[in-house]
Amino acid sequence: MEEKAISTVVTEDPISTGISLVLGGARSGKSAFAESLMPAKSNVVYIATAEVRDDEMVSRIATHQKRRSSSWQTIEAPLNLVDALTELKGTPALLDCLTLWLSNLMEDDRDIEQETKYLAACLRDIPGPVVIVTNEVGQGIVPDNRLARRFRDHAGQLNQAIAAVADRVYFVTAGIPTQLK
């Protein structure tokens, strides 16, 4: 099924300043909604955390690329988000997505708590607008294996930390965004 761009009415220009966090489940429409928050005629940096590891990921990345403006610059940052964000210097950015970044950190055996603290501190000091996409993975059943439970727990803690520093938080369900903060 082909994803459609989300058309939504937002009462303010949410990316003119600050941090916006967009949460949702898999295939909820969160990335398309986040993209709709970016200015149409502006330089935008797309910070990608995904790594191409199989044919399915190739297809998912291609779908996202087709939706985006060809004028957007892409920075691949599967591990070093703080470095990528620090280099923005006020340029609007869309970061997609935190939970893929978390997976990469876990696979690289990084200190998740420390990386989360670094990211939250960095976001507090970012001069320009940033829209961040992340998955909400804690609303289902308790996973049956330790790694999946660790991932779920880390994702919940990461999302809470970033929501705390965000100026706006949205939750997208079935393509419908709801502003939580």
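Strands S2 and S4 (residues 93-96) run parallel and are paired through four bridges, where pairing requires that DSSP finds at least two bridges between two strands. This is a predicted model, in which local features need pLDDT of at least 70 and side-chain atom pairs count only at pLDDT 80 or more, while totals for chains, interfaces and linings use all residues. Residues are numbered from 1 along each chain as its sequence is written, and side-chain values use heavy atoms, with hydrogens and water left out. Helices (H or I, at least four residues) and strands (E, at least two) are DSSP runs numbered from the N terminus.

**Sheet**

- Seven strands make up an open sheet with mixed pairing, ordered S3-S2-S4-S5-S1-S6-S7.
- S3 and strand S7 (176-179) are the edge strands, each pairing on one side only.
- On average, neighbouring strands of this sheet are turned by 20 degrees against each other, direction ignored.
- Angles run from 0 to 180 degrees between N-to-C directions, and axes are lines fitted to C-alpha atoms, for helices over the stretch in contact.

**Strand S2 and its neighbours**

- S2 (residues 45-48) also runs parallel to strand S3 (residues 73-76), with four bridges joining the two.
- Tyr46 has Thr74 as its bridge partner in S3 and stands opposite Leu94 in S4.
- Ala48 stands opposite Asp96 in S4.
- In a regular strand, side chains alternate between the two faces of the sheet.
- In S2, Val45 and Ile47 point one way, Tyr46 and Ala48 point the other way, and all are buried.
- Buried means under 20% relative accessible area, exposed means over 50%, and partly exposed is in between (1.4 Å probe, protein chains only).

**Helices on the sheet**

- Helix H4 (residues 98-107) packs on the sheet and touches strand S1 (19-24), S4 and strand S5 (130-135); the direction of H4 makes about 65 degrees with that of S5.
- Helix H6 (residues 146-165) lies across S1, S5 and S6, and runs at about 145 degrees to S1.

**Nonpolar cores**

- A nonpolar core is a set of buried Ala, Val, Leu, Ile, Met, Phe, Trp, Tyr and Cys residues joined through side-chain atoms within 4.5 Å.
- The largest nonpolar core has 33 residues, and Ile47, Leu85 and Leu98 are those with the most contacts inside it.
- Not counting residues up to four places away in sequence, the residues that Ile47 touches include Ile75, Leu81, Leu85, Leu88 and Leu95; contact means heavy atoms within 4.5 Å.
- A second, separate core has 15 residues, including Ala34, Leu37, Trp72 and Val133.

**Aromatic pairs**

- Rings of Phe, Tyr and Trp (its six-membered ring) pair if their centres lie within 6.5 Å, with planes under 30 degrees apart counted as stacked, over 60 as edge-to-face and the rest as tilted.
- By this rule there are two aromatic pairs.
- The ring centres of Phe33 and Tyr170 are 5.1 Å apart and their planes lie at 70 degrees, so this pair is edge-to-face.
- Phe33 is in helix H1 (residues 30-36) and Tyr170 in strand S6 (residues 168-173), so the pair ties together parts 137 residues apart in sequence.
- Phe33 counts as buried at 1% relative accessibility, and Tyr170 is buried with a relative accessible area of 3%.
- Tyr46 and Trp72 form a stacked aromatic pair, at 6.5 Å centre to centre and 25 degrees between the planes.
- Tyr46 lies in strand S2 and Trp72 in the loop between helix H2 (55-67) and S3, so this pair ties together parts 26 residues apart in sequence.
- Both Tyr46 and Trp72 are buried.

**Salt bridges**

- A salt bridge is a side-chain nitrogen of Lys or Arg within 4 Å of a carboxyl oxygen of Asp or Glu.
- The structure holds four salt bridges, among them those listed here.
- Asp108 forms a salt bridge with Arg110, with the closest N and O atoms 2.8 Å apart.
- Arg110 also forms a salt bridge with Glu115, with the closest N and O atoms 3.4 Å apart.
- The relative accessible area is 40% for Asp108, which is partly exposed, and 27% for Arg110, likewise partly exposed.
- Glu115 is buried, with a relative accessible area of 17%.
- Through salt bridges that share partners, Asp108, Arg110 and Glu115 are joined into one network.
- Arg152 and Asp153 meet through their side chains in a salt bridge (2.8 Å, N to O), and Asp153 is partly exposed at a relative accessible area of 38%.
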